[in-house]
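Have a look at the sequence and the structure, then read on.

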Amino acid sequence: MIKVKDLTFSYNNKPFIENVNFEVQKGEIFGFLGPSGAGKSTLQKILTGLITDYQGSAMVNGQESKKHDQHFYEKIGVDFEFPSLYEKLTAKQNLEFFGSLYSGKLWNVEELLDSVGLLTDANKKVGAFSKGMKSRLNFVKSILHNPEVLFLDEPTSGLDPSNSRQMKEMILKEKEKGTTIILTTHNMLDATELCDRVAFIVDGKIKALDTPHNLIMRRGAVKLSYSYTENGKECIKECMLSESSQDVLLQKLISENRIKSIHSSEPTLNDIFIEVTGRGLQ
């Protein structure tokens, strides 16, 4: 669905994005991870046809992005971090208006609003919405026309845990329908839970690209932590995972069925990002 080859772009004389290459398959959730100013949003703008003076190739759904026609936007949906809504219109009026811009089959407006818990606020002006409510409305606006490719920028930003979970479930439902999703985020938990593959971007270059699981397990779990009770007190011990078979106490506790808890300390995706790039995500 997306094929980027030797992509280079500059806002001035110095390359901002340089020799970027990647492909995204149909129905895949592909994540861009990187600190602010790394080039994530610029890549999104190139892929959505907002920036056209780039070098190289950026093919989206079989069409070169900088040579797109109006039909291009019938096939893509965009939900950037800051909602683009008419605040003097109601939630329902917003969806009806944006729906009128498309020629294809649309979702039912009330069904969409109900799916993100906004049906009871359908006739409320968006100017009175909270940030989280606007985020949810902006998301359903992006899928209103059943796009084949969906671009999401920090989709759970500003949402409480319950609404964040609801948003993730909707994103996964879009994936189940075969929608290809490009996700940019600082949220490592979102990336780990949602993305089939992620690309680490720093200074306009891709530093690593793989599944979250492979990136984490390439480094491997470092320690094993276990707890047990001794003389009425809970004790916690650690050992290297690679040396657990030589831990005499651990083997003794297992044989005596005295282990209270045990877990390995896998690195997080953020740990891997720092290790690979030498940079944090903030």
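A residue is called buried when its relative accessible area is under 20%, exposed when that area is over 50%, and partly exposed in between, using a 1.4 Å probe and protein chains only. Take Lys134: its relative accessible area is 17%, so it counts as buried.

Before going further, a word on where this comes from. The model is predicted, so local features need pLDDT of at least 70 and side-chain atom pairs count only at pLDDT 80 or more, while totals for chains, interfaces and linings use all residues. Residues are numbered from 1 along each chain as its sequence is written, and side-chain values use heavy atoms, with hydrogens and water left out.

**The chain as a whole**

The chain holds nine helices and 13 strands. Helices here are DSSP runs of H or I with at least four residues, strands are runs of E with at least two, and both are numbered from the N terminus. Along its principal axes, the C-alpha trace spans about 70 × 50 × 30 Å. Of the 282 residues in the chain, 45% are buried. The accessible surface comes to about 14300 Å², and carbon and sulfur atoms own 49% of that; such areas come from the Shrake-Rupley method with a 1.4 Å probe, and for residues only the protein chains shown count as cover.

A contact means heavy atoms within 4.5 Å.

**Two helices side by side**

Helix 4 (residues 131-143) and helix 5 (residues 161-176) pack at an angle of about 5°, and their axes are 11 Å apart. The axes are lines fitted to C-alpha atoms, for helices over the stretch in contact, and angles run from 0 to 180 degrees between N-to-C directions. That angle makes helix 4 roughly parallel to helix 5, a label for angles under 35 degrees; over 145 is roughly antiparallel, 65 to 115 roughly perpendicular, and the rest oblique.

Which residues make the contact? Helix 4 brings Ser135, Arg136, Phe139, Val140 and Ile143, while helix 5 brings Asn163, Gln166, Met167, Met170, Ile171 and Glu174. By class, that contact has six nonpolar, three polar and two charged residues. Nonpolar covers Ala, Val, Leu, Ile, Met, Phe, Trp, Tyr, Cys and Pro, charged covers Asp, Glu, Lys and Arg, and the others, Gly among them, are polar.

Is Ser135 buried or exposed? With a relative accessible area of 8%, Ser135 is buried. Leaving aside residues up to four places away in sequence, Ser135 touches Asp79, Pro83, Ser157, Leu159 and Met167.

**Pairs of opposite charge**

Side chains of opposite charge can pair when their charged atoms come close. A salt bridge is counted when a side-chain nitrogen of Lys or Arg sits within 4 Å of a carboxyl oxygen of Asp or Glu. By this rule there are 16 salt bridges. Here are three of them.

| Glu148 | Lys75 | 3.3 Å |

Where do the partners Glu148 and Lys75 sit? Glu148 is in the loop between helix 4 and strand 7 (149-153), and Lys75 is in the loop between strand 5 (63-64) and strand 6 (76-79), 73 residues apart. Glu148 is partly exposed at 28% relative accessibility, and Lys75 is partly exposed with a relative accessible area of 28%.

Glu87 is partly exposed, at 41%, whereas Lys134 is buried, at 17%.

Glu238 is exposed at 51%, while Lys223 is partly exposed at 36%. Elsewhere, salt bridges that share partners join Arg165, Lys168, Asp190 and Glu193 into one network.

Asp6 is not a glycine, yet it has a positive phi of about 50°. Asp6 sits in strand 1 (residues 2-9) and is partly exposed at 40%. Asn231 is not a glycine either, and its phi is positive at about 55°. Asn231 is found in the loop between strand 11 and strand 12, where it is exposed, with a relative accessible area of 73%.
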